[in-house]
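Have a look at the fold shown here before reading on. We will go from the whole chain down to a few single residues.

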Amino acid sequence: MTENPRRDGDQQPDPQHPYGHGYAYPAPPAQPPVTTASGVTVWPGAHGGGSGAGGHHGGHASFDGSAPAPEPHAGAHAAPRARRPVALLAACVLVAALAGGGAAALVGELTSGSQDSNQSAPALNASSKSSGVAAVAQAVSPSIVEIKAATDSGQSTGSGVIITGDGEVVTNNHVVSGADTVQVGLSDGTSKTAKVVGTDPAKDLALIKIQDAKGLKAAALGDSGKLRVGDDVVAIGSPEGLTGTVTSGIVSALNRDVTVAKEPGQSQQQRRGGGPQWPFEFGGNQYNGDTGSSKTTYKAIQTDASLNPGNSGGALIDMSGRIIGINSAMYASGSGSGSGSGDSAGSVGLGFAIPVNTVKADLGKLRSGGSGD
């Protein structure tokens with residue numbers, strides 16, 4: 001016997017069987033389709049799933065064998081079922097809208113560019129069209145200053161790094177040591193007066209404060225503990241008074257023991273245009289003059305980025321645009337060990353920087369006045 005693929009509600013009547021669920025019953029009279037207010041077409045005679053007399057499904061015959069009238073709630077059950085995909089779609093659209101709004105808000109927050117003037121600026125601007133050294137220079141140059149410190153013996157020229165928007169600048173102690181007045185040249189060409197807040201000769205660090213400053217772009221301080229030999233770096237400073245000079249190279253070595261003088265001495269060689277050239281010792285040899293008897297030794301980052309007199313106190317920067325060192329000493333060819341004429345002096349790719357982690361650990365002391373020894 002071939003099975004009829006009709007639905008349960010479409011079976012032909014069996015007049016010999018008076019009742020019972022699962023069997024065929026007399027079919028109800030044909031009813032025209034009804035269109036509901038929501039636009040859904042319903043056939044009243046269809047199997048609606050409601051309960052009829054005797055607990056059987058609506059649309060079945062009663063006990064007396066007569067055909068029941070179509071139940072009014074059959075269409076009401078069918079309409080919500082037909083609308084369910086529409087409701088589900090609406091819910092999905094709502095969730096998508098909320099997620100999209102949240103994503104837009106997050107992107108807006110990350111790209112708004114608003115920041116407190118006393119906070120470190122983002123290292124690199126993601127929207128910048130520059131890359132590599134050019135991107136680093138564009139991002140960090142506004143945070144590097146030229147420093148001119150007048151002393152009894154003359155004028156010392158160096159560089160510094162803005163670390164707060166209200167004018168705190170980190171530099172080398174030997175740049176401002178003994179200074180009567182300090183002038184700071186900003187990247188926009190303006191000049192401001194600064195005062196020395198604190199010094200730490202043992203680490204060759206100093207903190208100065210630009211007077212009446214606000215809204216300056218502070219550099220982002222990195223983590224020198226994550227540096228590896230061979231990492232690309234950029235140096236920015238004012239060598240020989242050439243403000244905003246950018247050079248690049250790599251980290252040549254780490255943890256070099258570099259010895260420098262604690263205070264300026266008469267043994268410093270005078271350089272044309274660049275002020276005094278700071279002497280230092282490495283590996284038992286003296287470079288750029290005699291460091292004298294008052295000296296200090298620190299662990300330094302060695303780099304082959306070109307450094308010259310005037311770079312002292314400037315920034316050594318990683319390729320993310322974060323400060324990883326304060327440039328402090330460099331070997332100049334022609335000076336050799338001891339004192340040379342300096343006529344052929346210039347960078348030969350032997351420069352040293354104080355790790356920024358040393359700077360960060362010393363900031364509290366510098367802000368409180370530092371130490372005098």
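Predicted model: local features only at pLDDT ≥ 70, side-chain atom pairs only at ≥ 80, totals over all residues.

Residues are numbered from 1 along each chain as its sequence is written, and side-chain values use heavy atoms, with hydrogens and water left out.

Let's start with the whole chain. The protein chain holds four helices and 18 strands, where helices (H or I, at least four residues) and strands (E, at least two) are DSSP runs numbered from the N terminus. Of its 373 residues, 40% count as buried, that is, under 20% relative accessible area, with exposed meaning over 50% and partly exposed in between (1.4 Å probe, protein chains only). Among contacts (heavy atoms within 4.5 Å) with a separation of 6 or more, 65% join residues 24 or more positions apart. The chain exposes about 19,000 Å², and carbon and sulfur atoms supply 53% of that area; accessible areas come from the Shrake-Rupley method with a 1.4 Å probe, and for residues only the protein chains shown count as cover.

Now to the hairpins. Strand 6 (residues 181-185) and strand 7 (residues 191-200) pair in the antiparallel sense over four bridges; pairing requires that DSSP finds at least two bridges between two strands. Here valine 184 stands opposite lysine 192 of strand 7. Five residues lie between the strands of this hairpin, where glycine 189 takes a positive phi near 95°.

Strand 7 also pairs with strand 8 (residues 205-210), again in the antiparallel sense, over six bridges. Threonine 199 faces alanine 206 of strand 8 across this pairing. This hairpin has four residues between the strands, and aspartate 204 takes a positive phi near 55°.

Valine 246 lies in strand 10 (residues 245-261) and counts as partly exposed because its relative accessibility is 30%. Valine 356, by contrast, is found in helix 4 (residues 356-367) and is buried, because its relative accessible area is 1%. What does valine 356 touch, not counting residues up to four places away in sequence? Its partners are Leu221, Gly222, Asp223, Ser224, Ile323, Ile324 and Gly325. Leucine 316 is 40 residues from valine 356 in sequence, and the C-alpha to C-alpha distance is 9.0 Å.
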